[in-house]
Amino acid sequence: MAASPGFGLLAYAAIAIIALIVLIARYRLNPFIVITLVSIGLALMAGMPADTIMGSYEAGVGKTLGHIALVVALGTMLGKMMAESGGAEQVARTLIDRFGERNAHWAMVCIAFLVGLPLFFEVGFVLLVPIAFTVARRVGVSILMVGLPMVAGLSVVHALVPPHPAAMMAVLAYNASVGQTVLYAILIGIPTAIVAGPLYAKFIVPRIQLPADNPLERQFIEREPRTRLPSFALTMGTLLLPVVLMMIGGWANVLSTPGSGFNQFLLFIGNSVIALLVATLMSFWTLGLAQGFNREAILKFTNECLAPTASITLLVGAGGGLNRILVDAGVTHEILGLAHAFNLSPLLMGWLFAALMRIATGSATVAMTTASGVVAPVALALGYPHPELLVLATGAGSVIFSHVNDGGFWLIKEYFNMTVIQTFKTWTVLETLISLVAFGLTYGLSRIL
C-alpha cells in the first residue's frame, strides 16, 4: 500500500529533526545556519513553491523577533545592573544568613529561583557562580552541593516562568494569560526545583569526586568584592517589579471592568515589554545612581551587555522561522490529524515536541519556541481549555537531557571542573528530573482544573 502524502510530510519533518541533531551535535555547525538550512530543505521536500519559501521563513523570524528582541534586551540590561551593583550578592548574603550555613544548598536554590527570574540561564549562572564558590568555601562542602541546587533553580525559572523570553513566546503562541502562567509556574516550579536541586544533590554529590584544585574557584575567591551593596529590600523590589506588573496585567479583567480605562491601564502595564521597561528604568536609579554610579557608567553597562545576546536572539528567530515552515508546509495539519486519530493530549504533545527539539538543538529557548509554534494551532483546533498549562508542559520538555550540543553542558562542566561523564551524572540527570517532575505536576494540575 502506498504511503499517504500526510505520512510523507511527517517523515520529512522527522528527517529534518534528525538532520538538526547530526549537524549540530556531531559536526558542531553553527545552530543558526543549521536551522535555516534545515527549514529551507524541509520546505523543498514538502513541495512548497520555491518562490514562497523565504517569504514564509522570514515572516516566522520577523514575527518571533518583533517581541522577543525587546524582552531579551531589557532583561539583559536589568541583569547587568544587578551584577554591577552587587544586588545579587546582597540577596545571596541575606538568604544564607536566614537559612544558616549548613542549609546553604536550600538558600542557593531560593537565590537562583529569585535572581533567575529576569535572566537567561547562562547570565544567571555567571552572575551567581562566584557566590556559590564563596559559600562552598565558607561552609566547607563540595561546590556541587551548592552549585547543583543553584543551577536547578535557574533552569526551572528559565523553562517555566515568564518573563523569560521562551516562556513569553509560548504564552503568546498559546494565547495564555501571563498572570495565571506565572502563578501556576511558581506552584509547579518550587517543588520541581526542590526535587532536582537540594534532594538530588544530597544523593549524587557523595558519589562524585572532584579534583582538589579548581582554577576558576581561585579566580572568584580572590576577587575584590564591592564594599557598598544595595539593600536586600531594594534589590528584591526592583527584581520582582516586572513579575508583579505582569501578574496584575494577567488578572486585569478580574481586578477591573473589562473595557474600562483602568482595565486598559492594567493591561498596558502588564505587557511584558512595558513591565520590563519600567523595571529596567527603575534599576538605573535603585541599582545605579543610588549606588554611586554616574550616567556614563550606566550607559556603558547597558551597551556592553547587549553584544552577547545577539546569538541567542538569532537562534530564537531561526526557531520562529522553522515554526512557520512547519505550519505552511502542512506538517502541523498532519500532526492535528494524528492527534485526533490517536486521541493524543495537547499537553503530552507540547512536552514531547519540546523534548525532541531540545535534544536536537541543545537550546531550551529554541525547543520551547519551536514546539509551541507547532502545538498551538493543534491545541486551538482541539479546543484545549488550559493554555497556561500548555506553556508549562512545553517548558518542561524544553530542558530534558542536556548533552554535548548544549552550551550549558560545557558551562557546568568547566566551572565545576568535572569530566564529561560526571557532567552527565549530575547536570544531565538534574535537567531530566526537572523535565519529568514538572510535566508530572502539570499533568496532575490539569486533572484538578
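At 37% relative accessibility, Phe 401 falls in the partly exposed class, the class between buried (under 20% relative accessible area) and exposed (over 50%), using a 1.4 Å probe and protein chains only. The model is a predicted one, in which local features need pLDDT of at least 70 and side-chain atom pairs count only at pLDDT 80 or more, while totals for chains, interfaces and linings use all residues. Residues are numbered from 1 along each chain as its sequence is written, and side-chain values rest on heavy atoms, with hydrogens and water left out.

What sets Phe 401 apart is its backbone: phi is positive, near 45 degrees, in a residue other than glycine. Most residues other than glycine have a negative phi. Phe 401 sits in the loop between helix H20 (387-397) and helix H21 (407-415); helices here are DSSP runs of H or I, at least four residues long, numbered from the N terminus. Asn 417 is also no glycine, yet has a positive phi of about 60 degrees. Its place is the loop between H21 and helix H22 (420-448), and with a relative accessible area of 24% Asn 417 is partly exposed. A further positive phi, near 60 degrees, turns up at Asn 175, which follows helix H8.

H8 itself (residues 165-174) is mostly covered, with eight of its 10 residues buried. The buried set begins with Pro 165, Ala 166, Ala 167, Met 168 and Met 169, and it also takes in Ala 170, Val 171 and Tyr 174. What does Ser 372 contact, leaving aside its neighbours within four places in sequence? The list is Met 169, Ala 170, Ala 173, Tyr 174 and Thr 394, with contact meaning heavy atoms within 4.5 Å. Ser 372 belongs to helix H19 (residues 364-382) and is buried, at a relative accessible area of 1%. The side chain of Ser 372 also reaches the backbone oxygen of Thr 369, at 3.0 Å.

Not counting residues up to four places away in sequence, Phe 125 touches Met 150, Val 151 and Leu 154, and on another stretch of the chain Leu 411, Ile 412, Tyr 415 and Phe 416. Met 169 has already come up as a buried residue of H8 and as a contact of Ser 372.

That leaves the charges. How many salt bridges does a search of the whole structure find? There are six, a salt bridge being a side-chain nitrogen of Lys or Arg within 4 Å of a carboxyl oxygen of Asp or Glu. In one of them, Glu 84 pairs with Lys 80, with the closest N and O atoms 2.9 Å apart. Both sit in helix H3 (residues 50-85), and because they are four residues apart, about one helical turn separates them. Glu 84 is partly exposed, at 25% relative accessibility.

Glu 431 lies in helix H22 and Arg 358 in helix H18 (residues 346-361), so the pair ties together parts that are 73 residues apart in sequence. Are these two partners buried or exposed? Glu 431 is buried, with a relative accessible area of 2%, and Arg 358 is buried too, at 3%. Finally, salt bridges that share partners join Lys 80, Glu 84, Lys 300 and Glu 304 into one network.

Key. Helices (H or I, at least four residues) and strands (E, at least two) are DSSP runs, numbered from the N terminus. A polar contact is a pair of N or O atoms within 3.5 Å; within protein, one must be able to donate a hydrogen and the other to accept it, and residues adjacent in sequence count only if both atoms are side-chain atoms.
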